[in-house]
Amino acid sequence: MPSEVHRIILTSPVKSCSLDAVHTFLVRKYVDMLLPCLTSMVNASLTQGRLPISQRHPIVTLLLKKAGTDSADMANFRPVSNLSFMSKVVERAVANQLTEHLSANNLLPCFQSAYRKKHSTETAMVRVISDTLMAADEREVTLLGMLDLLQHLQTGFGVTDVALQWIISFLTELTQQIAYNSKLSSIQAVLFGVPQGSVLGPLLYVLYTAELFHIVARHRLRLHMYADDC
């Protein structure tokens, strides 16, 4: 595990959060010295099946979607969550283990693109266009439905016991604060979703929507997905 933590830290973006006790560049610079302590922190989270509440609290900053737009209109802003560096290290460790488990057991839906290696925009579009042209050759109608789906996380992927407890911990009791004009808002509970910018969020979304493939297949239809587009 120390080698995995070492690799994660050195390959992570050099970004710091105001919640970090130590700047990320210092953690990377002295990673060999800090590695036993950092590895213990990651292992404690995984073996206890929980992410500490302090690591479920991002600072949200507001950025204008387009330069020159009215800054008085909050609709012109997009939220950007800044999570602590160590929370992302733990997330990446979980994401690596979960992805390895899903791949080894062939549990990921074959037509879900995005957030996966070798499943890009190009592969999704090539398959959709191919199916559309084949349907046209057979004089069949093609219907494209663009859906934004939010579903409950499915438990049919063999993730149980402490691993499942950790994910439940990651998804619950989330809080955040808004940073604007050098000031912080009061702490607010996050009742839905995961922080934008989290490491595990994209992979968990794939698992949220995996059941949709089985529903569609039962109706003898084909489904292609890219992120939250179906």
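## Close-up views of a predicted protein chain

**Figure 1. The whole chain.** The protein chain has an accessible surface of about 14,500 Å², of which 59% belongs to carbon and sulfur atoms. Accessible areas come from the Shrake-Rupley method with a 1.4 Å probe, and for residues only the protein chains shown count as cover. This is a predicted model: local features need pLDDT of at least 70, side-chain atom pairs count only at pLDDT 80 or more, and totals for chains, interfaces and linings use all residues. Residues are numbered from 1 along each chain as its sequence is written, and side-chain values use heavy atoms, leaving out hydrogens and water.

The C-alpha atoms fill a box of roughly 65 × 50 × 30 Å, taken along the principal axes. The chain holds seven helices and seven strands. These are DSSP runs, numbered from the N terminus: helices are H or I with at least four residues, strands are E with at least two. Along the sequence, the pattern reads α-α-α-β-β-α-β-α-α-β-β-β-α-β. Of the 230 residues, 34% are buried. Buried means under 20% relative accessible area, exposed means over 50%, and partly exposed lies in between (1.4 Å probe, protein chains only). Among contacts with a separation of 6 or more, 66% come from residues 24 or more positions apart. A contact means heavy atoms within 4.5 Å.

Figure 2. Arg7 forms a salt bridge with Glu4. The term means a side-chain nitrogen of Lys or Arg within 4 Å of a carboxyl oxygen of Asp or Glu. Here the closest N and O atoms are 3.1 Å apart. Both residues lie in helix H1 (residues 2-11), three residues apart, about one turn of the helix. Arg7 is partly exposed, at 39% relative accessibility. Glu4 is also partly exposed, at 24%. By this rule, the structure has three salt bridges.

**Figure 3. A network of salt bridges around Asp131.** Arg127, Asp131 and Arg222 are linked in a network of salt bridges. Side chains of opposite charge can pair when their charged atoms come close. Arg127 meets Asp131 with the closest N and O atoms 3.5 Å apart. Both lie in helix H5 (residues 121-137), four residues apart, about one turn of the helix. Arg222 and Asp131 meet at 3.4 Å, N to O. Arg222 lies in the loop between H7 and S7 and Asp131 in helix H5, so this pair ties together parts that are 91 residues apart in sequence. Asp131 is buried, at 10% relative accessible area. Arg127 is partly exposed, at 33%, and Arg222 is exposed, at 59%.

**Figure 4. The kinked helix H7.** Helix H7 (residues 201-218) has a kink of about 30 degrees, centred on Tyr208. The bend at a residue is the angle between axes fitted to the seven residues ending there and the seven starting there. Buried residues of H7 include Leu204, Leu207, Leu212 and Phe213. The buried residues of H7 pack against helix H4 (85-104), strand S3 (112-113), helix H6 (161-171) and strand S7 (225-226). Arg220 follows H7, and its phi is positive, near 60 degrees.

**Figure 5. Strand S1 and its two partners.** Strand S1 (residues 59-64) runs antiparallel to strand S2 (residues 77-82), joined by six bridges. S1 also pairs with strand S4 (residues 174-180), in the parallel sense, over three bridges. Two strands pair if DSSP finds at least two bridges between them. Follow Val60: its bridge partner in S2 is Ser81, and its bridge partner in S4 is Ile178. In a regular strand the side chains alternate between the two faces of the sheet.

**Figure 6. Two loop residues with positive phi.** Asn106 has a phi near 55 degrees, a positive value in a residue other than glycine. Asn106 sits in the loop between H4 and S3 and is exposed, at 67% relative accessible area. Ser182 is not a glycine either, yet its phi is about 65 degrees. Ser182 sits in the loop between S4 and strand S5 (183-184). Ser182 is exposed, at 84%.

**Figure 7. A nonpolar surface patch.** Tyr30, Met33 and Leu34 form this patch, with about 310 Å² of accessible area together. Patches are made of residues with over 30% relative accessible area and no salt bridge; like charges are joined within 9 Å, and nonpolar side chains (Val, Leu, Ile, Met, Phe, Trp, Tyr) within 5 Å. Leu34 is found in helix H3 (residues 31-48). Leu34 is partly exposed, at 32%.
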